[in-house]
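The sequence and the model are shown first.

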Amino acid sequence: EEVVTDAGAPPQVDFKWKMLPLQKPNDPLFTEVVTLQTAVYGEDSAKHRFLCIHGFPDQAFSWMYFLLPHLKRELGDSLQVVAPAMRGVNRSEPKLRNASFYEIARLAGDIHDLWEQHFAKNGTEGFWLLAHDWGAAVSWIYAGVNPNKELRGFVPMAIPFPATGMLMELDQAAAASYRALYIQAPYAYYALKAMDFHSWRAMFGALDTTLTDEVRDQYDEGWRYDDALMYHFLWYTANVRGKGSPTALLPPKVPTMLIWGTREVANSAVELCCQTFFVDSLAVALVNASHWIFHEIPATIASLVKEYVDHWSQPGATQFGLGSTTIQPLMGYCATHPSEWTPEMQSDCTKLKNGEPPYDLNENSNESAFERQMRTLGDAARVCESAGCLGIVRHGVCLADNLTADCISEFCQAESGLRQCWSDEGRRESCNLVNRNTLFSMSSLLFCSLPRPTLEDVIRKAEAFNRGEEVVEQGRRRFGWLPAMGAGVVGAGALIGLAVFRFNQRSGRRSFGNVEDDMSESDSAAGG
């Protein structure tokens, strides 16, 4: 699908990288100092201050590259933007193999501590929290449970209030099934690394065409540095496979505006109106974008943020005085769109709110997100049984649950059934769930395109990582041409050509922004 974009208008703005340590004396398991590599533009004395939290597999610099120039144009020079690389990402340290280190409550605590320990004491103005994807999920927790007193407002993008995720429809669950593969962090990471991350960049789909070669290189450097992408994958291991750390799901204590792309595929529109059961005074801005909202239309996002900030900066402001054709109270939107807020949807939301089956939120009885994922695979199996590709689903469960060398080998042998399911027009409708199931397409793209010796090396490294052993490189293998193949990857909906994957030694590429004295120029090249 063609990407609608308003990116690239204003010139880039210089910023600085800082390594900011966070003291964690109250964490019962991890007392290590957490140091977040943080991009900073502007001074603490600025009138407009923003803390921006990236998602997966995004990086801190993307806020500075895509959004900062447009925010500066909208809000002027009295502007501060702070964008940390979260735990495990880029140069942030430490990088621990224990998945519990990346539980969502700890990530939310980092937001609080970063502002409290490094920015709150120096400025006179409060700050606005902008967050996307995983960063939005973490920020919902932070804004409801333990926000800093200086937090003035919250703008999540693409991710609704987390409790509503249990309402994900079957088709959306299939589209988001890649999450079951991501929890197998080392297997997915070393397969991507073997391809030199070419296929990973294709995860951005058609949006990749809006990126310059320099920006693509910046992403590559950030994913590659100290195997950082591996530890970003562990966010899924910690919070999808299990239930993560206990966290209260409380509504934000500040004005909140959800920006939602009308072409979103990984999250369900059912979740949108159900938020009215959980979050009072929630505004929504619907925009013509996919999941990668502020990448695609940063000028529009900056304009919406300015409008929202200006409104809530007025004395006595309420959500009902917004007066915008784009920003509106969510409750009013749902009331005027009955097709998106049917009685059946309202009944499901009532059950979810009250903790009734099948949405029992009791700690002892509810499914984890991973268990729900396994249920969608069972539904896929029933569809596939009549379509002649049942084997692919059987091995899909193996891929998501207990990944082994035999499982990968058997999956790739059965892959022809999946391709036939996709290509046979007579069975396409009955195979729709399998067609949308990104667990299968991502597994095919990651594993089945690799030469057997390379795949064996991927498995060896992953198993060593899981055992807590040092992962030893056995020399770099250079490939010739690999077969081009189609893969439906996370909403891209496009054929992805794979060609000439060669390993590149990391070279000193220019990093966006300037570098503080505590980071060398050569270090900054891998920052991103």
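Helix α8 covers residues 213–224 and has 12 residues. From its first C-alpha to its last, α8 reaches 16 Å, close to the 16 Å expected at 1.5 Å a residue. The coordinates come from a predicted model, and the values below are computed from it.

**Helix α8 and the residues after it**

Helix α8 is mostly covered, with 9 of its 12 residues buried. The buried residues are Val215, Arg216, Gln218, Tyr219, Asp220, Glu221, Gly222, Trp223 and Arg224.

Arg224 belongs to helix α8. Is Arg224 buried or exposed? Its relative accessibility is 14%, and because buried means under 20%, Arg224 counts as buried. The side chain of Arg224 makes a polar contact with the side chain of Asp196, at 3.0 Å. Leaving out residues up to four places away in sequence, Arg224 touches Tyr189, Asp196 and Phe197.

Just after α8, Asp226 takes a positive phi of about 50 degrees. Asp227 lies in the loop between α8 and α9 (228–241), and its phi is near 55 degrees, a positive value in a residue other than glycine. Most residues other than glycine have a negative phi, and most peptide bonds are trans.

**Other backbone features**

Ala158 also has a positive phi, near 75 degrees. This residue is found in the loop between β6 (151–157) and α4 (170–175). With 0% relative accessibility, Ala158 counts as buried.

Two cis peptide bonds are described here, one from Phe56 to Pro57 and one joining Glu93 and Pro94. Pro57 lies in the loop between β3 (48–53) and α1 (61–75). Pro94 lies in the loop between β4 (79–84) and α2. The omega values are listed in the table.

| Cis peptide bond | Omega |
|---|---|
| Phe56 to Pro57 | near -5 degrees |
| Glu93 to Pro94 | about -5 degrees |

**Helix α2 and its packing**

Two packed helices are described by the angle between their axes and the distance between the axes. Helix α2 (residues 104–118) packs with helix α3 (residues 134–145) at an angle of about 75 degrees, and their axes are 8 Å apart. Angles of 65 to 115 degrees count as roughly perpendicular, so α2 and α3 are roughly perpendicular to each other. On the α2 side, the contact is made by Ile104, Leu107, Ala108, Ile111 and His112. On the α3 side, the contact is made by Trp134, Ala137, Val138, Ser139, Ile141 and Tyr142. The residues of this contact divide into 9 nonpolar, 2 polar and no charged.

Asp110 lies in helix α2. Which residues does Asp110 touch, not counting residues up to four places away in sequence? They are Leu22, Lys24, Val34, Leu36, Met86 and Arg87. Asp110 is buried, with a relative accessible area of 0%. Between Asp110 and Arg87 there is a separation of 23 residues in sequence, and their C-alpha atoms are 8.4 Å apart in space.

Helix α12 (residues 298–312) has 15 residues. It reaches 21 Å from its first C-alpha to its last, close to the 21 Å expected at 1.5 Å a residue. The buried residues of α12 are Pro298, Ala299, Ile301, Ala302, Leu304, Val305, Tyr308, Val309, His311 and Trp312.

Ile408 has its place in helix α17 (residues 405–413). At 0% relative accessibility, Ile408 counts as buried. Ile408 and Phe447 are 39 residues apart in sequence, and 7.2 Å apart in space, C-alpha to C-alpha.

**The chain as a whole**

How many helices and strands does the chain have? There are 22 helices and 10 strands. Of the 528 residues of the chain, 59% count as buried. Among contacts between residues at least 6 apart in sequence, 78% join residues at least 24 apart.

How values were computed: Residues numbered from 1 in each chain as written. Predicted model: local features only at pLDDT ≥ 70, side-chain atom pairs only at ≥ 80, totals over all residues. Heavy atoms only, no water. Axes fitted to C-alpha atoms, helices over the stretch in contact; angles between N-to-C directions. Helix = DSSP H or I, 4+ residues; strand = E, 2+ residues; numbered from the N terminus. Parallel < 35°, antiparallel > 145°, perpendicular 65-115°, else oblique. Contact = heavy atoms within 4.5 Å. Nonpolar A, V, L, I, M, F, W, Y, C, P; charged D, E, K, R; others polar. Expected span 1.5 Å × (residues − 1). Buried < 20%, exposed > 50% of the residue type's maximum accessible area, 1.4 Å probe, protein only. Polar contact = N/O pair within 3.5 Å; in protein donor to acceptor, adjacent residues only side chain to side chain.
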